[in-house]
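Subject: Structure handover

Hello,

Here is the structure for you to look through. My notes follow below it.

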Amino acid sequence: MKASKQRILLLGPPASGKGTQADHLSRAFGIPHVSTGALLRSECARGTPLGIEADSWTSRGLLVPDELAVRVITAWMAGNGPRFLFDGFPRTTGQAEHLDKALDAAKTPIELVIFLDLSEEEIRRRILDRLTCAACGTTFGGSLHGMKIGDACPSCGGDLIRRNDDTEEALTERLRVYRESTLPVVTYYQDKAPGIFHKINAGEESDTIFKKLSALVCGEMQKEK
Ligand code: ADP
């Protein structure tokens with residue numbers, strides 16, 4: 001299958017499967033995938049000043065300031081050209097306006113916005129069960145896969161950990177921040193670009209979702225009700 005959309009945003013709450021789906025789509029269509037959360041975690045693991053500052057926000061379940069998020073994504077874009085699959089950016093309307101301005105100036109507008117929608121009950125269930133590989137970032141449902149903290153990642157052998165913001169306390173804050181700051185980004189694109197905006201039920205099977213997203217990337221699917 002050939003991608004007809006080259007600049008794609010994946011929006012959605014924590015644990016809606018943005019990272020997993022972006023990874024599959026990136027492999028299937030060769031579109032570079034970037035997660036601002038992963039970029040920030042990598043800065044933090046390397047102990048850079050930006051990473052240390054980011055950690056002081058993310059560990060409390062708060063968003064990093066727009067300026068910081070824009071800085072990491074701008075650096076990524078400078079090295080990657082005009083094709084992208086963004087996962088976790090933009091997360092505020094300020095970031096969305098900044099991105100639109102930069103893309104308009106370069107005459108490379110966003111071509112597809114996908115909102116992965118998931119109930120809060122299911123978000124909580126997934127997050128509190130989630131294990132993440134410290135080395136490659138792949139995530140696993142602990143109870144689903146019979147895995148626990150400290151096991152080896154089946155993909156790369158790295159250590160499985162609980163992310164420092166995948167706790168009950170940080171999650172409550174992340175959900176509040178999501179409702180207050182990120183849901184308005186969904187409305188922003190729904191209003192501004194209804195023709196390229198698609199809402200998908202993220203509670204379905206991962207494979208079913210992947211097929212729907214692939215069809216959207218190929219320009220073959222109509223809107224879901
Ligand atoms: P999730 O979507 O599961 O919450 P992410 O890896 O996307 O996880 O993000 C982890 C954390 O990194 C967020 O809770 C937030 O603190 C920070 N972060 C990621 N992207 C952004 C962004 N665009 N703006 C501000 N903070 C961000």
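Y188 has a relative accessible area of 17%. That is under the 20% cut-off, so Y188 counts as buried. Bear in mind that this is a predicted model. Y189 is at 3% relative accessibility, so this residue is buried as well.

**Aromatic pairs**

There are four aromatic pairs in the structure. In one of them, the ring centres of W76 and F86 lie 5.9 Å apart. Their planes meet at 70°, which is over 60 degrees, so the pair is edge-to-face. W76 sits in helix α4 (residues 66–78) and F86 in strand β3 (residues 84–87). Ten residues separate the two, and the pair links distant parts of the chain. Both W76 and F86 are buried.

Now back to the two tyrosines. How far apart are the ring centres of Y188 and Y189, and at what angle are the planes? The centres are 4.9 Å apart and the planes stand at 90°. This pair is therefore edge-to-face.

Ring pairs also join W76, F84, F86 and F89 into a cluster.

**The ligand**

The shell around the ligand has 20 residues. T36, R41, L62, Q95 and R174 come nearest. By type, the shell divides into eight nonpolar, five polar and seven charged residues. Helix α2 (residues 36–45) gives the largest share, with four residues.

- R41: an N or O atom of the side chain is 2.9 Å from a ligand oxygen.
- G88: a polar backbone atom is 3.0 Å from a ligand nitrogen.
- R130: an N or O atom of the side chain is 3.1 Å from a ligand oxygen.

How much of the ligand does the protein bury? Taken alone, the ligand exposes 540 Å², and the protein buries 96% of that.

**T36**

T36 lies in helix α2. Is T36 buried or exposed? Its relative accessible area is 5%, under the 20% cut-off, so T36 is buried.

Which residues does T36 touch, apart from its neighbours within four places in sequence? T36 is in contact with A69, V72, I73, D87, G88 and F89. Two of these names have come up already.

Best wishes

Notes: Residues numbered from 1 in each chain as written. Predicted model: local features only at pLDDT ≥ 70, side-chain atom pairs only at ≥ 80, totals over all residues. Heavy atoms only, no water. Near = heavy atom within 4 Å. Polar contact = N/O pair within 3.5 Å; in protein donor to acceptor, adjacent residues only side chain to side chain. Areas by Shrake-Rupley, 256 points an atom, 1.4 Å probe, with all protein chains shown as cover. Nonpolar A, V, L, I, M, F, W, Y, C, P; charged D, E, K, R; others polar. Buried < 20%, exposed > 50% of the residue type's maximum accessible area, 1.4 Å probe, protein only. Contact = heavy atoms within 4.5 Å. Phe/Tyr/Trp six-rings, centres within 6.5 Å; stacked < 30°, edge-to-face > 60°.
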